[in-house]
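Open the model in your viewer and have the selection tool ready.

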Amino acid sequence: MYFCNRELERKRVMCTCIAEIKESYTKVRHQTAEVAQQQFEIDDYLDMVIVVRKKLEQITEETNNLVEKVRDHFTEFDEQETTELLAHSTPILILMDQLHQKLIESPLYSGLKTTAENYRDCVSDFQELCTDLQTFNIDLRRDEEFQKSSELLRSIS
């Protein structure tokens, strides 16, 4: 009975965790799309640099927070939850890549270089997180040899 109650509690906690993480995914996707849709032209250069820098800093912060939230619960996700998170990740990664390319090609880039580099680093962290989710929470769980090795290690300890 204790195990059953513990398992129900874990599932309830995970639902809350997944919902919160999905909300972060949505926020990052919307913020990235908003900035990616803007026209980066030379008119009003300084004003645009300030506006875009602020929005890029917000996206960077939200993305870093998202990566941290997912990393904090990384080992708790089952295969289905991981698949859902990866499905949310794909469109965000595409938008992030488009935004980064747009920034590099923009006449605003020289005024945004440091902020754009910080953004690129956070995108790289997000990509690494997605790769880790796929590798550790899906691929290795399906790998028979890995499962046998894990069982052997558990039996030894």
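This is a predicted model: local features need pLDDT of at least 70, side-chain atom pairs count only at pLDDT 80 or more; totals for chains, interfaces and linings use all residues.

Select Ser-24 first, in helix 1, which spans residues 2-36. Is Ser-24 buried or exposed? Ser-24 counts as buried because its relative accessibility is 5%, and buried means under 20%. Apart from neighbours within four places in sequence, Ser-24 has contacts with Leu-66 and Lys-69.

Next, select Tyr-25, Tyr-119 and Phe-126. In the largest nonpolar core, which has 34 residues, these three touch the most other members. Helix 1, helix 2 (45-72), helix 3 (79-105) and helix 4 (109-142) each supply at least two residues of this core; helix 4 gives the most, with 10 residues. Stay on Tyr-119 and show its surroundings: beyond four places in sequence, its contacts include Thr-32, Leu-56, Met-96 and His-100.

Now turn to the salt bridges, of which the structure holds 7. Select Glu-84 and Lys-22, whose side chains meet at 2.3 Å, N to O. This pair links helix 3 (Glu-84) with helix 1 (Lys-22), 62 residues apart. Glu-84 is partly exposed at 27% relative accessibility, and Lys-22 is partly exposed at 23%.

Move to Glu-34 and Lys-55, a salt bridge of 2.7 Å, N to O. Here Glu-34 is in helix 1 and Lys-55 in helix 2, 21 residues apart.

Finish at Arg-142 and Glu-79, which form a salt bridge of 2.4 Å, N to O. Arg-142 lies in helix 4 and Glu-79 in helix 3, so the pair ties together parts 63 residues apart in sequence. Arg-142 is exposed, with a relative accessible area of 54%, whereas Glu-79 is partly exposed, at 27%.

Conventions:
Residues are numbered from 1 along each chain as its sequence is written. Side-chain values use heavy atoms; hydrogens and water are left out. Helices (H or I, at least four residues) and strands (E, at least two) are DSSP runs, numbered from the N terminus. Buried means under 20% relative accessible area, exposed over 50%, partly exposed in between (1.4 Å probe, protein chains only). Contact means heavy atoms within 4.5 Å. A nonpolar core is a set of buried Ala, Val, Leu, Ile, Met, Phe, Trp, Tyr and Cys residues joined through side-chain atoms within 4.5 Å. A salt bridge is a side-chain nitrogen of Lys or Arg within 4 Å of a carboxyl oxygen of Asp or Glu.
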